[in-house]
Amino acid sequence: MEFFCHHRDRPGSLALRTELVEDHWAYMDRYEAELIARGPTFDEGVLTGSVHIVDLPDPAAARAFAFDEPNYQAGAYRDVMLRRWRNLLGRTMWDFPGGREGSDRYLVLGLGAGEAVDLDVPDDRDGLIAYGPLLSDDGAAWLGTAALVRAPDPEAARAVLTRERYAGTEVHEWEFGGRRS
């Protein structure tokens, strides 16, 4: 089962996040084989959170993954969005043909309202790093869509989703995470 996890930083937690970076990476190293994508989010260059898309056995394992994370345990995050997710691209971010370098990467979240939308991969998939629906724990209810995209600007990134069909849409600067090899 695949899960989307977005830890959002508590204001003023940068020093704590910096102090715990090695603990965070060591924790994520334990999930290396299960990670589909990972990386920090930013707002105008300021760290705002961390995204992890991970393949785990069940919702209980996903909750343990999200809430045992060192930054969460230390109080660096203000909240966590944890949802089932379906990997419609069938690959990890490391398989993205555009590589890991570049500052033109975004997390796009469409929060669901009503009938499911954007359940198929868009025709223009060249900029898609990860893409799939956000689902309830049992996978039966559509709750939105999450995408990691390469785009020239936030508006172009937002355009990957059918904007008027969501209760709300968020766009965050994002970059490939993990240790540099």
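Predicted model: local features only at pLDDT ≥ 70, side-chain atom pairs only at ≥ 80, totals over all residues.
**Entry 1: the overall layout**

I read along the sequence and noted the pattern β-α-α-β-β-α-α-β-β-β-β-α-β. I counted 5 helices and 8 strands in the chain. Helices here are DSSP runs of H or I with at least four residues, strands are runs of E with at least two, and both are numbered from the N terminus.

Residues are numbered from 1 along each chain as its sequence is written, and side-chain values use heavy atoms, with hydrogens and water left out.

**Entry 2: size and burial**

Buried means under 20% relative accessible area, exposed means over 50%, and partly exposed lies in between (1.4 Å probe, protein chains only).

The chain exposes about 8700 Å², and carbon and sulfur atoms supply 48% of that area. These areas come from the Shrake-Rupley method with a 1.4 Å probe; for residues, only the protein chains shown count as cover.

Then I checked contacts, meaning heavy atoms within 4.5 Å. Of the contacts with a separation of 6 or more, 75% are between residues 24 or more positions apart.

**Entry 3: helix 2**

Which residues of helix 2 are buried? In helix 2 (residues 21-29), I found His24, Tyr27 and Met28. Seen down the helix axis, the buried residues fall within an arc of 95°, so they line one face of helix 2. The arc is taken from the directions from the helix axis to the C-beta atoms. I recalled the general point that an α-helix has 3.6 residues a turn, so residues three or four places apart point the same way.

**Entry 4: salt bridges**

My rule was a side-chain nitrogen of Lys or Arg within 4 Å of a carboxyl oxygen of Asp or Glu. The count comes to 8 salt bridges.

One of them joins the side chains of Arg8 and Asp79, at 3.6 Å from N to O. Arg8 lies in strand 1 (residues 2-9) and Asp79 in strand 4 (residues 77-85), so the pair ties together parts that are 71 residues apart in sequence. Arg8 is buried at 12% relative accessibility, while Asp79 is partly exposed at 28%. I traced a network of salt bridges here that links Arg8, Arg78, Asp79 and Glu170.

Next I looked at Asp9, which forms a salt bridge with Arg17, with the closest N and O atoms 2.4 Å apart. Both Asp9 and Arg17 are buried.

The Glu155 and Arg158 side chains also meet in a salt bridge, at 3.4 Å. Both lie in helix 5 (residues 154-158), 3 residues apart, about one turn of the helix. Glu155 is partly exposed at 46%, whereas Arg158 is buried at 16%.

**Entry 5: Tyr131**

Last, I looked up Tyr131, in strand 6 (residues 128-135). Is Tyr131 buried or exposed? Tyr131 is buried, with a relative accessible area of 0%. Its side chain reaches the backbone oxygen of Asp118 at 3.1 Å.

Conventions: Polar contact = N/O pair within 3.5 Å; in protein donor to acceptor, adjacent residues only side chain to side chain.
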